[in-house]
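Open the model in a viewer and keep the sequence panel at hand. The stops below go from the whole chain to single residues.

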Amino acid sequence: MSANVESMFYVRTAPWHGLGVEVKEALSSKDALKVAGLDWRVLQEDVYTDGGNQVEGYKANIRSSDRSVLGIVSNRYHVVQNEEAFEFTDTLLKQGVRYETAGSLQGGKKIWMLAKLPSEYIMRGDRISPYLVFSNSHDGSGAIKVALTPIRVVCQNTLNLALNTAQRSWSTKHTGDIKQRMEEAKATLFMAEKYMERLGKEVESLSKIKITDRRVDELIQELIPIPDEATTLQCKNLDKLREDVKMRYFYAPDLKEREKDGYRFINAISDFATHMEPLRKTASYKERLFEKTLDGNAFIDKAYQLVKAI
């Protein structure tokens, strides 16, 4: 099992190299909590030095199931339990919500869940399904995050475009009145509807930007530049990445019959960013890919800006 993925479940198709427990259909929050291995609580206890002196102003976050220390945090830190996180998304999505995947990373330091929103959208003939991603950390390293991620159903590409006119994510720190802030975050669904509406208009706008084959080459070179001081091996690797993007744009089965326009190019870039195998795999590369689902992918955003500038 990956060093970063501790426990998880998935529906039908295994993400992250087939790790986790397969289930046949999406689960309710109560079942998801148990199957994902998240049915434990975070306890806060005092911190002591080796000499037995209490460290003032700090607490240890300890997992109830195995007494492992998840992190050392200040007294201002407020714990949001895994059960509370699922209750939050239940409230957001109302009755009938089903979680498609959820799990624990880095020994319980981070937990996450992915729930499918009930609506589906058709944009330029594509079925686009919006998902709600919730991420929480128990080690003090990050905020509570909720983000919308639209998925193009035919190829499972993300369309997380950084739109200036619509927000797709919300976050808050583990300090202050957390419950009040999470109540305020219930406006996330309104945010999701606004984002999807704006995304539909942006897809139409991108489809009107016609791109020649020569311009495709130029865009790819701008996206994946080769520095003057690059070594022979670096040049070879960067050329390989450029060819990968080009193959997706010209020959991907779901794209090759489409008009050669901005929307096709963004989908090729998203396909590359979502599914590309890195030249050098690290133990945490899949985790970083997931974090980009929450925070946005700079590579896709750069491509989007370049196309809009044409």
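This is a predicted model: local features need pLDDT of at least 70, side-chain atom pairs count only at pLDDT 80 or more; totals for chains, interfaces and linings use all residues.

Of its 310 residues, 48% count as buried. Switch to a surface display: the chain exposes about 16,000 Å², and carbon and sulfur atoms supply 49% of that area. Among contacts between residues at least 6 apart in sequence, 61% join residues at least 24 apart.

Next, select residues 213-223 and 232-251, which are helix 5 and helix 6. At what angle do helix 5 and helix 6 pack? The angle is about 145°, and the two axes are 10 Å apart. The crossing of helix 5 and helix 6 is right-handed. Show side chains here. From helix 5, the residues Asp-213, Val-216, Asp-217, Ile-220 and Gln-221 take part in the contact. On the side of helix 6 they meet Arg-242, Val-245, Lys-246, Tyr-249 and Phe-250. By class, the residues of this contact are five nonpolar, one polar and four charged.

Now move to Val-79, in the loop between strand 5 (69-74) and helix 2 (82-93). Apart from neighbours within four places in sequence, Val-79 is in contact with Val-42, Gln-44, Asn-61 and Glu-84.

Most residues other than glycine have a negative phi. Select Arg-67, in the loop between strand 4 (54-63) and strand 5. Arg-67 is not a glycine, but its phi is positive, about 65°. Because its relative accessibility is 47%, between the limits of 20% and 50%, Arg-67 counts as partly exposed. Then go to Gln-106, in the loop between strand 6 (99-105) and strand 7 (110-116). Phi of Gln-106 is also positive, near 55°. Gln-106 has a relative accessible area of 24% and is therefore partly exposed.

Finish with the cysteines. Is Cys-155 buried or exposed? Cys-155 is at 16% relative accessibility, under the 20% limit, so it counts as buried. Cys-235, at 24%, counts as partly exposed. A disulfide is a covalent bond between the sulfur atoms of two cysteines. With a cut-off of 2.5 Å between cysteine sulfur atoms, the count of disulfides comes to zero.

How values were computed. Residues are numbered from 1 along each chain as its sequence is written. Side-chain values use heavy atoms; hydrogens and water are left out. Axes are lines fitted to C-alpha atoms, for helices over the stretch in contact, and angles run from 0 to 180 degrees between N-to-C directions. Helices (H or I, at least four residues) and strands (E, at least two) are DSSP runs, numbered from the N terminus. A crossing is left-handed if the near helix is turned anticlockwise from the far one by less than a right angle, and right-handed if clockwise. Contact means heavy atoms within 4.5 Å. Ala, Val, Leu, Ile, Met, Phe, Trp, Tyr, Cys and Pro count as nonpolar, Asp, Glu, Lys and Arg as charged, and the others, Gly among them, as polar. Buried means under 20% relative accessible area, exposed over 50%, partly exposed in between (1.4 Å probe, protein chains only). Accessible areas come from the Shrake-Rupley method with a 1.4 Å probe; for residues, only the protein chains shown count as cover.
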